[in-house]
Amino acid sequence: MNRVVITGMGIWSCLGKNLDDVKNSLFEGRSGIGFDPKRKELGYRSALTGIIERPQLKGLLDRRARVGMAEPAEYAYMATIEAMKVAKMEMDFIEKNEVGIIYGNDSVAKATMEAIDTIRAKKDTTLLGSGAIFQTMNCTVTMNLSTIFKLKGINFTLSAACASGSHSIGMGYLMIKWGLQNHIICGGAQEVNENTFGAFDGLSAFSIKEDNPTKASKPFDRDRDGLVPSGGGATVILESLDSALKRGAPILAEVVGYGFSSNGEHISNSNVDGQVRSLSLALKDAGLSPKDIDYINAHATSTPGGDKVEAQALSQLFGEYKTPVSSTKSMTGHECWMAGASEIVYSLLMMQNDFIAPNINFENPDEDSAKLNIISKTKQQKLNTVLSNSFGFGGTNSTLIIKKYN
Amino acid sequence: MTKDEIIEKSNSFFIDEFEVDGSKITLNANLRETLDLDSLDYVDLVVVIESNFGFKVKGEDFLNIHTFNDFYEYCFNKIQEKSHVA
């Protein structure tokens, strides 16, 4: 079996449009949350959102490449070109080798709604233009990026709700571990617009602390009242260790564990048993025990029910070791389909720069989070082994463990 | 709409939408080669014609459009037909 390493990473998020800016935001505990008035006009219960700039791709990509790209593909493209630069992976290498892509994405609501509006208005499908089909499919990211980068390896989109990004890295890890591929672009992307989150808002899942947006997302805090939707794109380049050494690529970390499970119960409510099974499987896969984990990047989204269950699952396995825990969603909001990938990027940045990013807005624990060692202020600490959780609707759970390469 | 107006408007969307170098657009230049059109691009050409000139091109009409001049003539005639019907 191959060892699997991460040789590149890139990010486009509400914390910054490149690794350096995002690292500084994480270190300073800076929130990327704001208020989108358009959502109020549409009757949203909460207009809170991660504030993300749309990339300007004109000049970077030709028209034919751009017309089929919906918002998630644009973010993913920006994250991927940064990741390839970090990985020192040039087009010449990609053309001569089998490089794949597995990317998490679970919606293109805006592109789909706009296409439907055009059909209704024009009563003529040709007038949708050539890009609509490639924008309105969930695999808009992988269809477009595989074409732009001329990829020849595995090529698919993974849709697993808010665990999509994490599972995409897990699947890439398994493919390389078992020798089926040597290099895979993995990641997660999430559109951020007033069309996307309406149905989620309708469940009263979002925080309504609109008077103070940067304070609204407060995972694990006693007074949390819901999540803040967010998004962007995050990419990691996975490679077999042999390939990375042969290329002389930088090795940012090793992926040592992937665990997964399904709750087998409610469509939106999480459960402790499912999460514990995912955590345990990841630890077993990595050959580690809970005491070996230096830091946990929690899934915790700031919902009353979800954070409670995760706190119980984490305390069951890690409670006695007082393992440091934080949820970077306190700063980013919930990056949904992207979150599992972006939180690996955030964890890598912490690992590289010897700090734990804070769980901002954590002021008072509840009875469950009181059992965890939640880091509410930036802590300087060397990190060798980091665990990252992602959970999604339908009871899908994913846990990744990354380790400094030795 | 005069023919000159059609030429000006068409060249504007060729340059903006199809990102062609304006100096390459001449009356006798080949439309498909100059704009580097593939089968998908023709669908987008239908869209920009409809949004700029208000008529829908039939796919088979493109068979007789070779040069930019053919394109301008075709659009001029279609707009004339439309105004006579109106």
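**Entry 1: between the chains**

I started with one salt bridge: the side chains of Lys122(A) and Glu50(B) meet at 3.1 Å, N to O. I note that this is a predicted model. Next I counted the salt bridges between chain A and chain B and got 8. I then looked up polar contacts across this interface. There are 10 residue pairs, with both residues at pLDDT 80 or more.

Which part of chain A gives the largest share of the side that touches chain B? I found helix α3 (residues 63-66) of chain A, with 3 residues. I sorted that side of chain A by class: 7 charged, 4 polar and 4 nonpolar residues.

For the contact as a whole, I listed 15 residues from chain A and 13 residues from chain B. The two chains bury about 1,100 Å² between them, and 51% of it is on carbon and sulfur atoms.

**Entry 2: aromatic rings**

I counted 16 aromatic pairs over all chains. I opened Phe14(B) and Phe68(B), an edge-to-face pair with 5.3 Å centre to centre and 75° between the planes. Phe14(B) lies in helix α1 (residues 3-17) and Phe68(B) in helix α4 (residues 68-85) of chain B, so the pair ties together parts 54 residues apart in sequence. Buried or exposed? Phe14(B) is buried, at a relative accessible area of 0%. Phe68(B) is buried too, at 0%.

My next pair was Phe55(B) and Tyr74(B), edge-to-face at 6.1 Å and 65°. Phe55(B) sits in the loop between α3 (39-53) and α4 of chain B, and Tyr74(B) in helix α4, so this pair ties together parts 19 residues apart in sequence. Both residues are buried.

Last, I traced one aromatic cluster in chain B; Phe14(B), Phe68(B), Phe55(B) and Tyr74(B) are among its members.

Definitions and conventions
Residues numbered from 1 in each chain as written. Chains lettered and ligands numbered in written order. Predicted model: local features only at pLDDT ≥ 70, side-chain atom pairs only at ≥ 80, totals over all residues. Heavy atoms only, no water. Contact = heavy atoms within 4.5 Å. Buried area = accessible area lost by both parts, 1.4 Å probe. Salt bridge = Lys/Arg side-chain N within 4 Å of Asp/Glu carboxyl O. Polar contact = N/O pair within 3.5 Å; in protein donor to acceptor, adjacent residues only side chain to side chain. Helix = DSSP H or I, 4+ residues; strand = E, 2+ residues; numbered from the N terminus. Nonpolar A, V, L, I, M, F, W, Y, C, P; charged D, E, K, R; others polar. Phe/Tyr/Trp six-rings, centres within 6.5 Å; stacked < 30°, edge-to-face > 60°. Buried < 20%, exposed > 50% of the residue type's maximum accessible area, 1.4 Å probe, protein only.
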